[in-house]
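Please look at the model before turning to the description of its parts.

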Amino acid sequence: MSAAVEVHDVSKVFNAGRPNAVEALVDIDLTIEPGEFVSLIGPSGCGKSTALRLIANLLEPTSGEVLVNGKPALKARLDQDYGMAFQQAGLFDWRTVAKNVELPLELKGWDKAKRRTRALEMLDLVKLGDFADHFPWQLSGGMQQRVAIGRALAAHPPLLLMDEPFGALDEMTREHMQAELLRICGETSSTVVFVTHSIPEAVYLSTRVVVMSPRPGRITDVIGVDLGPRRGLETREAVAFFEKITEVREALRGIDTSDLA
Amino acid sequence: MFGLALLLVAAIWELYKWVGPEDGGTLFGWAILPRTNDYAMPHVWEMLARYAQPERRGFPTPIIATVASGAWFSLRLALTGFVMGTLVGLGLAIVMARFKVVERGLLPYLVVSQTVPLIALAPLVVSWGGKLHLGEFEWPRWLSAAVLGAFLAFFPVAVGTLKGLTSAPAAAVELMDSYAASWRQTLFKLRFPAAVPYLVPALRLGATASVVGVVVAEISTGLAGGIGRLIIEYAREATADPAKVYTAVFGAAALGLLMAGMVAVADLMLMRNRPWEVAE
């Protein structure tokens with residue numbers, strides 16, 4: 001079985017060859033096995049979102065190679081081997097909740113009945129079964145984000161790419177959504193790459209936390225986390241949880257951020 | 001509300017007629033105050049009463065029938081022009097949204113096109129049309145007027161649609177890219193629905209612009225049968241029958257309102273699918 005994501009010697013330069021060239025990422029190497037939950041964390045400008053977009057093939061690397069499911073990233077995108085969720089839920093206002101979840105299936109050419117059945121399944125999974133025919137603006141921010149997760153998983157992709165999906169939610173909703181995400185990923189056995197700048201969020205969710213630093217963006221540390229498969233409220237109060245938070249915080253502190261202020 | 005506004009305009013007209021100088025007036029040496037005598041400014045009720053009288057002495061039907069038939073003639077031209085202009089405008093907007101280089105190359109020329117005086121363009125279009133021979137097809141004179149209506153209508157539609165098509169948030173476009181959606185899929189499933197709020201005012205502008213184009217084209221090409229021709233004919237009789245020209249002017253205004261009203265009705269029907277705008 002091939003790795004879910006392989007990033008080999010990848011560098012990314014924006015505006016290459018021009019005076020305003022920016023080295024966003026340098027020599028990134030990362031292999032993610034199926035079933036892993038990997039968080040990318042670091043200060044703004046460290047290239048974590050860029051790294052996610054390279055895996056998603058929304059950006060092309062300047063050098064190096066990105067493989068998803070053993071295929072080149074472009075092929076993986078065309079095959080829709082991954083689903084993606086952003087900080088803004090990005091639901092289409094003119095579509096009902098169910099129709100929003102159907103969108104990726106519609107683009108794949110699924111027939112109507114099959115689409116609807118799958119959309120309702122996904123809404124049950126994210127516990128919004130009663131809201132299928134509501135419009136996005138009738139839902140709270142957390143509910144909208146759940147719809148977005150349902151949409152990302154609708155085609156049953158093996159890989160889920162998430163760019164600060166809970167960044168706009170309040171703390172209570174956020175913790176609830178994190179627990180929900182772990183449950184959903186457990187039920188669908190998805191691999192997740194998760195971009196965040198919240199240390200507790202990264203530690204709570206991940207099996208591995210990848211610490212990145214800016215200028216140029218690179219990986220400075222990879223921290224394994226093993227808090228057990230069932231993580232509830234007691235996990236957030238466990239000593240092991242706080243120890244990991246401290247470890248990640250210290251790894252981040254090693255990064256010189258003086259030029260970021 | 002609309003009725004109230006009409007009454008207000010009528011009241012201002014009558015008020016000025018009452019207090020204004022009979023033979024006009026000068027302000028700082030400029031002759032800017034309009035004359036208020038009955039030839040220059042007939043009473044509002046005289047204009048309305050004029051609708052009941054025949055166009056010329058001895059005609060069997062009141063003038064309102066003549067104005068209505070002229071308005072109907074022009075309405076069909078304006079509608080034809082509006083549809084043509086909308087199709088051209090939508091097409092241009094799609095091409096400009098698709099290819100940035102087309103937008104940069106074409107948009108300035110579109111802006112310039114609207115500065116060409118319609119009066120100058122109208123005879124040209126008639127003569128080009130006259131030289132056009134496509135097999136059996138003969139360019140009818142009325143088509144020139146419709147084309148000029150289209151010429152005014154396409155611009156707001158093109159600019160508004162372009163703005164709307166490019167209004168989709170970057171994250172939504174990225175989402176479509178992540179699904180490997182084709183440009184066409186992105187156009188119909190994202191860009192067009194996102195453009196609707198921009199499209200409606202653009203169409204409303206286009207609808208009224210097509211009426212202006214048709215009326216001006218009728219006047220400057222001498223096309224008979226429409227409201228524009230009636231305005232110019234009746235205006236010549238202003239000294240003898242000052243209220244007459246206003247019957248046709250109001251007819252043209254009603255035409256513009258009718259066209260804008262049709263867009264508004266279409267908007268209401270579309271609005272049923274945009275409840276979030278009502279909710280805000």
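## Helix packing in chain B

Helix 3 of chain B and helix 8 of chain B cross in a right-handed sense, in a model that is predicted. These two helices, spanning residues 63–98 and residues 183–221 of chain B, pack at an angle of about 145°, and their axes lie 7 Å apart. On the side of helix 3 of chain B, the contact includes B:Ser74, B:Leu77, B:Ala78, B:Gly81, B:Phe82 and B:Gly85, while helix 8 of chain B contributes, among others, B:Leu203, B:Gly206, B:Ala207, B:Ser210 and B:Val211. Sorted by class, the contact of helix 3 of chain B with helix 8 of chain B comprises 10 nonpolar, 8 polar and 3 charged residues.

Helix 3 of chain B also packs against helix 9 (residues 227–236) of chain B, where the axes come within 7 Å and cross at roughly 135°. Helix 3 of chain B and helix 9 of chain B are therefore oblique to each other. In this contact B:Val67, B:Gly70, B:Ala71 and B:Ser74 of helix 3 of chain B meet B:Ile227, B:Gly228 and B:Leu230 of helix 9 of chain B, and the classes are 4 nonpolar, 3 polar and no charged residues.

## Chain A: overall form and a helix pair

Chain A contains 9 helices and 10 strands. Its radius of gyration is 18 Å, close to the 18 Å that the globule rule gives for 261 residues, so chain A is as compact as a globular protein of that length. Along the principal axes, the C-alpha atoms of chain A fill a box of roughly 50 × 45 × 40 Å.

Within chain A, helix 3 (residues 97–108) and helix 4 (residues 112–125) pack at an angle of about 120°, with axes 9 Å apart, which makes helix 3 of chain A oblique to helix 4 of chain A. Helix 3 of chain A passes helix 4 of chain A in a right-handed crossing. The residues that meet include A:Val97, A:Val101 and A:Leu105 from helix 3 of chain A, and A:Arg115, A:Ala119 and A:Leu123 from helix 4 of chain A. By class, this contact of helix 3 of chain A with helix 4 of chain A has 8 nonpolar, no polar and 5 charged residues.

## Backbone details in chain A

Most residues other than glycine have a negative phi, and most peptide bonds are trans. Against that background, the peptide bond from A:Arg215 to A:Pro216 is cis, with omega near -10°, and A:Pro216 lies in the loop between strand 9 (208–213) and strand 10 (218–224) of chain A. A:Gln80, a residue other than glycine, has a positive phi near 50°, and A:Gln80 is found in the loop between helix 2 and strand 6 (82–85) of chain A.

## Contact between the chains

In the interface, 16 residues of chain A are in contact with 16 residues of chain B. Helix 2 (73–78) and helix 3 of chain A are the elements that give two or more residues to the side of chain A that touches chain B, and that side has 11 nonpolar, 3 polar and 2 charged residues.

## Confidence

The model scores ipTM 0.83 and pTM 0.79. Chain A has a mean pLDDT of 85, with 96% of its residues reaching 70 or more, and chain B averages 84, with 96% of the residues scoring at least 70. Within chain A, confidence is lowest in helix 8 (residues 233–237), at a mean of 76, and highest in strand 8 (residues 191–196), at 92.

Technical notes
Residues numbered from 1 in each chain as written. Chains lettered and ligands numbered in written order. Predicted model: local features only at pLDDT ≥ 70, side-chain atom pairs only at ≥ 80, totals over all residues. Axes fitted to C-alpha atoms, helices over the stretch in contact; angles between N-to-C directions. Helix = DSSP H or I, 4+ residues; strand = E, 2+ residues; numbered from the N terminus. Parallel < 35°, antiparallel > 145°, perpendicular 65-115°, else oblique. Left-handed = near helix turned anticlockwise from the far one by under 90°. Contact = placed C-beta atoms within 7 Å. Nonpolar A, V, L, I, M, F, W, Y, C, P; charged D, E, K, R; others polar. pLDDT = per-residue confidence, 0-100. Rg over C-alpha atoms; globule rule 2.2 N^0.38 Å.
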